[in-house]
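Dear colleague,

Please find below the sequence and structure that I am handing over to you. My notes on what was found follow directly after.

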Amino acid sequence: MAQHCRAPALFPRAPRPSLPPAAFAHLRRQVDALDAFWPRLDGCCRRPAPLPCARRAWTDVLNSFCDDEFGVKTRQFHCCRRHGAARRRCFTDATAAATAATHVTQVTEVTVWDVAHEPSFPPGEPTAANMDNICRLRGLRPGPRGLPGPRARFYTRLERDFGRCCDNGTGLACARAAWQKGLDRYCREEGAVKTGQHRCCQRGGGRARSRCFAAAAPHPAYDRELHNVSLARLGPAMLRTLCGPIRLLSKRRPVPELLEAVTSSCCALPPEEQSPCAEEQLSQSIDELCGSWRDPRGCCSRGGPERHRCFAERYLGGVPLAAAVPPPAPDHLQ
């Protein structure tokens with residue numbers, strides 16, 4: 001990553017291949033993925049910590065590519081049939097094999113995240129109460145990793161439609177129509193195969209089917225990615241969450257500053273070095289903050305371990321966070 005940011009011209013982009021308009025769609029999807037990746041990689045070079053940004057971009061682009069692969073009936077790229085960390089390891093291995101075949105000797109090892117769940121099915125009906133979560137958590141919800149064909153295609157279409165609804169201001173009416181249309185199409189596709197249909201698809205069409213799916217949704221509020229976490233103990237399990245795609249939902253000082261100090265300094269390190277780095281950065285950042293910040297809860301007036309315990313108790317607990325990688329349970333040894 002350092003080499004790329006110092007001299008991006010040394011990493012030339014391959015020209016777009018000239019493909020017949022009615023064939024080679026699988027190659028077009030691969031080219032589109034590369035076209036999406038390079039601008040994001042270049043943008044990461046402008047970040048204080050380019051490597052975590054680049055890893056997130058790499059993961060996002062691969063997941064979008066696989067979503068596109070499952071949206072068609074042709075054979076998917078073999079790595080897309082895996083999910084979570086296994087999928088990313090597969091792409092890393094495929095990159096190494098392709099690199100060896102072209103006689104390029106240096107291959108960078110890529111650290112992957114364990115996204116621990118698949119999309120919940122069925123998704124809740126869009127309402128005024130959950131519309132905010134539908135839009136703001138869209139980039140953190142898991143893709144259709146390894147789901148059977150009809151469900152994978154349903155989720156791919158639904159998230160794209162949700163994105164359009166959130167971006168163009170049409171909001172709830174648009175999202176509800178996309179949800180209804182998507183489930184109707186899902187039921188038609190399930191009905192075209194001989195496997196058992198979802199029980200709600202057997203309700204016929206109309207409002208009865210919609211009510212059935214809405215009642216069956218395990219996470220109707222679209223809140224599975226929302227968590228309250230403690231940043232006082234930054235062990236490996238918590239850092240897997242913090243170093244993955246996250247969205248901090250609190251602007252209360254000093255949480256944003258301390259979290260940024262930890263993630264920008266430590267997430268690019270090998271996993272075994274992240275926890276010691278995080279503890280050191282947290283302690284150092286607290287001391288630096290106390291030199292310039294008027295602490296309303298009196299923690300900065302204390303010294304040594306007492307100061308840090310005070311921050312842990314009064315500032316670093318119950319931090320609202322949206323995360324693609326679920327944090328450890330509260331009683332987990334982090």
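Arg164 and Asp161 form a salt bridge, with 3.5 Å between the closest N and O atoms; the term denotes a side-chain nitrogen of Lys or Arg within 4 Å of a carboxyl oxygen of Asp or Glu. The two residues are three apart in helix α6, so about one helical turn separates them. Helices (H or I, at least four residues) and strands (E, at least two) are DSSP runs, numbered from the N terminus. Arg164 is partly exposed at a relative accessible area of 43%, and Asp161 is also partly exposed, at 24%. Here buried means under 20% relative accessible area, exposed over 50%, and partly exposed in between (1.4 Å probe, protein chains only). Arg164 lies eleven residues from Ala175 in sequence and 8.8 Å from Ala175 in space, C-alpha to C-alpha.

Please note that this is a predicted model: local features need pLDDT of at least 70 and side-chain atom pairs count only at pLDDT 80 or more, while totals for chains, interfaces and linings use all residues. Residues are numbered from 1 along each chain as its sequence is written, and side-chain values use heavy atoms, with hydrogens and water left out.

The structure holds 15 salt bridges. One of them pairs the side chains of Asp68 and Arg160 (1.7 Å, N to O). This pair links distant parts of the chain, 92 residues apart, with Asp68 in helix α3 (residues 50-70) and Arg160 in helix α6 (residues 149-168). Asp68 counts as partly exposed, at 25% relative accessibility.

Helix α12 (residues 304-314) contains a further salt bridge, between Arg309 and Glu306 (2.4 Å, N to O). These residues are three apart, about one turn of the helix. Both Arg309, at 44%, and Glu306, at 38%, are partly exposed. Elsewhere, salt bridges that share partners join Arg153, Arg157, Arg185 and Glu189 into one network.

Cys310 also lies in helix α12, and is buried, with a relative accessible area of 1%. Cys310 is 13 residues from Arg297 in sequence, and their C-alpha atoms are 8.8 Å apart.

Turning to the surface, Arg252, Arg297, Arg302 and Arg314 gather in a patch of positive charge. For such a patch, residues must have over 30% relative accessible area and no salt bridge, and like charges are joined within 9 Å (nonpolar side chains, namely Val, Leu, Ile, Met, Phe, Trp and Tyr, within 5 Å). The place of an Arg charge is taken as CZ. Arg314 is in helix α12 and is partly exposed, at 33%.

With kind regards

Methods
Areas by Shrake-Rupley, 256 points an atom, 1.4 Å probe, with all protein chains shown as cover. Lys, Arg positive; Asp, Glu negative; His and termini not counted.
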